Amino acid sequence: MAHDTAVHEDVHGHGHEESTKELWSGGKQPFKISYGKLMMWYFLLSDAFTFAGFLIAYGALRFSSPSWPVPDFVFSTAPFGIHHAPLIFVTFMSFLLIISSVTMVRAVQEGARENQKGVVFWMFLTVVGGAGFLGCQAWEWTNLIYKECMSVTRNPFGTHTEKGVYLNADGSRSAAEDDLFKPGIGYLIHHAHVDDHGGDHGHHDEGHELTAEEKFLADANSIVSASIAGNKIDMANLPEAGVDFPGFRLNNEGFIERKFVTEAGETGAQTYGPKAFGALFFFITGFHGFHVLSGVVFLIIIMLNAGSGLYAARKNGYEMVEKIGLYWHFVDLVWVFVFLVFYLL
Amino acid sequence: MGHGNYEDAKRAVWVGCGVLGAVTLIEVAVSLFQKGHIIGGMEDLSWVTYGAALIIAILSAYKAYYIIYNFMHMAHEVPGLRMSVLLPTALLIWGMIAFFQEGNAWGERREVIKERNKVESDKAIKPLGMLLHKELIKSDK
């Protein structure tokens, strides 16, 4: 060797030569972590980029839009007839995921102690938390799709960009305090309720006084019903431009777009909000929900395996439980950002 | 695992639960404050909007750090693994800056584009481009 003296003087260099030989002989773990766990980390890294791409797309479209649905208005309903409770239901959903993450850490800890019963117990609680989250998401989607008529291509949640006051169904200017609005105030366009059952489903609970909006909707619905009875309009075949009424417009999909007068004296009508919102919401929360669903399935499989004594026989500290644990925490981690982007900001 | 004794590790988990829960509640409170649900009129002040958004974003980043370092045990992994997972995500910071700025530019050009769409094309001007074929220019007349 040309640099004989240098190599002999450098003890570390010499040691390095030897350990390189050892590394290449196999049996060593790079990063002092098992292959499976390392690959789980890199899978999660790639998944993080996928989610980041979606969330950045949401941000870019939101920045490009003159108005955007206000989250505390869009997400203000909860089960059991709770209305006007901004963010409460999604906060509950966040807690479900946090708690299921905590029970997952406990399962991993019990696994490290080779405590089979403990692993199964804490994994079971994790499954309950994940399934609870999915149930909540199912309710949220059902409410948005069937009650509020949001879809991938239609967003009935709009936002005012000017100050003004709504008109009554007969075209007169509303005197109600609640019918005044300012920029940034959100609204929801309702589908006309003229079906055979004649009911307007749960827009107000019996026994309390109607709000200004509910009063308007009741009037508008009866005007539309009268027009149908008089054969003036056909709900199944509305003209492309919609039908004009003094206080509102019935658009070609049968939604009631309430008219208003702005401070500048111009008459306008509610329109749909930015179309991209529906697609972004369903796609991103759906993709996260799919991660939760597959996580629950794998949790159940690994819980059953743990219960059957498969991992106890391996005596490797329940490594499978650690791997699904990493995945499950990642699902919680993504929710932190979905929660931030869709609901908090 | 195997760091500290079992009782300490168990306690740390419940402390983590409390930290994440408390931070989430603070985030929701700040968000509701920003939207004017706690004190009316706050939604009209732009510095409240931006300040609250910044606070919420920082708190979310803290939650992410807490989950990765404590729940996923990144704190106990070797630096090589830590860096190989965390450094690539730093690229996303640039992604956010670039795309949000781009989105903003689309928003600002909305009106300009609407105006331009109304302008009749001037047929006297031929498109100048190296790659355009002569036939294409002819058919444009």
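Modeller: In chain A, nine residues of domain 1 are in contact with six residues of domain 2, where contact means that the C-beta atoms of two residues, placed from the backbone, lie within 7 Å. The model is predicted, so local features need pLDDT of at least 70 and side-chain atom pairs count only at pLDDT 80 or more, while totals for chains, interfaces and linings use all residues. Residues are numbered from 1 along each chain as its sequence is written, and chains are lettered from A and ligands numbered from 1 in the order in which they are written.

Domain 1 of chain A covers 32-152 + 276-344, and domain 2 covers 158-200 + 210-269, with bounds from an automatic or database domain assignment. Their centres, taken over C-alpha atoms, are 39 Å apart.

Now consider two helices of chain A, H8 (residues 276-307) and H10 (residues 319-344), which pack at an angle of about 160° with their axes 10 Å apart. Helices here are DSSP runs (H or I, at least four residues), numbered from the N terminus, and axes are lines fitted to C-alpha atoms over the stretch in contact, with angles from 0 to 180 degrees between N-to-C directions. H8(A) and H10(A) are therefore roughly antiparallel, a word used for angles over 145 degrees. Residues of H8(A), including Phe281(A), His288(A) and Leu299(A), meet residues of H10(A), among them Met320(A), Trp328(A) and Phe342(A). This contact has 17 nonpolar, five polar and no charged residues, counting Ala, Val, Leu, Ile, Met, Phe, Trp, Tyr, Cys and Pro as nonpolar, Asp, Glu, Lys and Arg as charged, and the others, Gly among them, as polar.

Key: Parallel < 35°, antiparallel > 145°, perpendicular 65-115°, else oblique.
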